[in-house]
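Here are a few worked exercises. Grab your viewer and try each one before reading the solution.

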Amino acid sequence: MSTDTLFSGVRIVGAGVDVQGDLLIRDGIIADFGPSLGRPDGATVIEADAAVLCPGLVDMRAALGEPGFEYRETIASAAAAAAAGGITTLAALPDTNPAIDDPALVQLLRTRGEDTGSLTILPYGAVTRGCRGEELAELGLLREAGAVAFTDGSKAIGSSRLMRLALSYARGFGARIVQHPEDPSLAGGGCATESEQATRLGLPGIPAAAEAIMVARDIRLAELTGGAVHFAHVSTGEALALIRQAKVAGLSVTCDTAPPYFDLNETSIGDFRTYAKLSPPLRKEHDRKAVIAALADGTIDAIASDHQPRDADDKRLPFALASAGGSGLATLLGVTLAYVHNGSMALPAAIELLTARPADLLGSEAGRIAKGAVADLCLFDPDRIWKVEAGELPGKAQNTPFDGRALEGVVLGTWKRGKRVFG
Amino acid sequence: MFYRQKHLLAIEGLEPPEIGQLLDLAESYVLLNRSGKTQRDLLRGRTLINLFFEDSTRTRTSFELAGKRLGADVINMGVSTSSVNKGETLIDTAATLNAMHCDLLVVRHDQSGAPNLLAQIVDAAVINAGDGTHEHPTQALLDALTIKRRKGRIAGLIVAICGDIAHSRVARSNIHLLTTMGCQVRVVGPPTLIPAQVADLGVTVFHDMEAGLRDADVVMMLRLQRERMSKGQVPSAREYFRFYGLDAAKLAFAKPDAIVMHPGPMNRGVEIDSAIADDPVRSVIKEQVEMGVAVRMGVLDMLSRGNRRNEH
């Protein structure tokens, strides 16, 4: 019995690839692709006119509920949501309970990912023990165990001295430090962007400058140490301008953003809507536009889901007490495609931001269309419309900030190592 | 009927006729209260629960009195006596109250937006009695009624709101109400206590009492919490009083017949000098308290009109 799968008459899009034609999976790898391939006997043929076939998405920032927060999300439920969203590789944040600050935990996450059969989990290691921001974790041993980079997750590394040490030490292992760019003392206690809206609602504000200040500091520390810094979920024009300059200066500085920061602004909070409470907070409209511009000009290296699962009890609280974070796995592709449809980005560029470019940052081979590459693939109809509805999303985490949003772009199927895992 | 809301969660969003109607109704209760008559059949058989997650003797008492004068069964639930301290969530508390079929729920909470959350769950009409740094609508209504009775009008007056604007729900509700009703509203305070982009709410910002009070018809002082000193937003009480405390010299910048208001409780010698607070001509602070009961009677009356569940 053949295990061949032939995609016929699809638009194949990946880094450096954009061709209308066929793609053949054999033995879990991409055997061939091109304008027209023969049909091997017994192959499963998938004909999908007007559909796009791209590499399985590589999500470089997502929180899993495991270990410690299984009521929010399990690895199994996250894997189901990821597959439905076309994601086949995911970098998991380490600020779990316990934090991923021990080599055995890194190995455990990798193995648990393999066990799902549909999702490769690339674990981040904690920068500091317990993500407490006090002393460095065993970065070398974590790296050896398979940690792809280091971060304290949703917590900024606040101490300049500690950040210097981390950048400097991680450099010896060729590893990036991923920073949540927010000055903790300026942000302290805030829960919304400092603005007229926060003033009206009587919510303590976080100034946009809290992000730029941290980015400016860490760029200087990257310069001082020669280390590599990556800024996660960048959300302000000010910070993006600094990153743009640092890249021109040739520093090892990269960044990602997440769909809420180019699709939503602070007005989503409306009447104290806690599903729109995120960290960093949703910003002003001019910042949202700056993020779109930075996606278009290449300043932003990747789009990540920034998936932060929360349950109803985490969110059904007065706004300032509610937990920050939004579910993102199921909407990563759809929201990104909205900015292809409206002309902000070309489709191949958008796909690269979701696949090869984050894979590069994570040192992963995933996210490419090439002969001999592992057949992790996502097939989607770019034009079909669906509506995001909290309660109806795949997986456990229903806390989407996009509730009610209509999106163009439906995942038709997801393949992991040649095997269909969704659709 | 102008007032179309089920609840009273905020002043923001109310139209001038709605505010005007609430004030007129409240004024009728001022006369009733002064005449010594009662209207105890209006809310007979209805339950009013005062749910106070934050201590406030004066607002709670004012609502209690208002409810009793209209004949409602009034129950006070304070945070120390409720199960909120035992880990029960706000949502659970709301569900419990709902099961008790309360008609009017008065809520005070230290979190902005808490009454909005409750209003999504309970069947009762929810009245915001102060939520975090968001709004305190009945305070703004009673302030407006006080102004109207003293000045004969609201539109066209210059009102200076002075002090800790950033942390004041009273300031926010008053800004919305007074700008909606056609006042020129100024906010006066040190930059550390002025919230971001407050000018976009339709007010003019001053950091100097002389300029801010010039030609004002109404000077509204706000309470400065001790916490502002410990958090470093103001260096000391004496420095605050020197620059922002209302004394005779600063009040002289306002119109000669300007009235002085304070939502209480006052920090004498911090934001207001005792001589001003107790000035029988200029200070209307005691009248504010009297208006408070009448305004709350008006609000309870208005909201129960739309929510009479036992009516046959």
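**Exercise 1.** Which residues in H5(B) are buried?

**Solution.** Some ground rules come with it: this is a predicted model, where local features need pLDDT of at least 70, side-chain atom pairs count only at pLDDT 80 or more, and totals for chains, interfaces and linings use all residues. Residues are numbered from 1 along each chain as its sequence is written, chains are lettered from A in the order in which they are written, and side-chain values use heavy atoms, with hydrogens and water left out.

Step 1: list the buried ones (under 20% relative accessible area, 1.4 Å probe, protein chains only): Pro137(B), Thr138(B), Gln139(B), Ala140(B), Leu141(B), Leu142(B), Asp143(B), Ala144(B), Leu145(B), Thr146(B), Ile147(B) and Lys151(B).

Step 2: that's 12 of the 15 residues, so H5(B) is largely enclosed by the rest of the structure.

**Exercise 2.** Find which residue of chain B forms a salt bridge with Arg200(A).

**Solution.** Step 1: look across the two chains, where 17 residues of chain A are in contact with 20 of chain B (heavy atoms within 4.5 Å).

Step 1: apply the salt-bridge test (a side-chain nitrogen of Lys or Arg within 4 Å of a carboxyl oxygen of Asp or Glu); the count between the chains is one.

Step 2: the partner is Glu12(B), with the closest N and O atoms 2.6 Å apart.

Methods
Buried < 20%, exposed > 50% of the residue type's maximum accessible area, 1.4 Å probe, protein only. Helix = DSSP H or I, 4+ residues; strand = E, 2+ residues; numbered from the N terminus.
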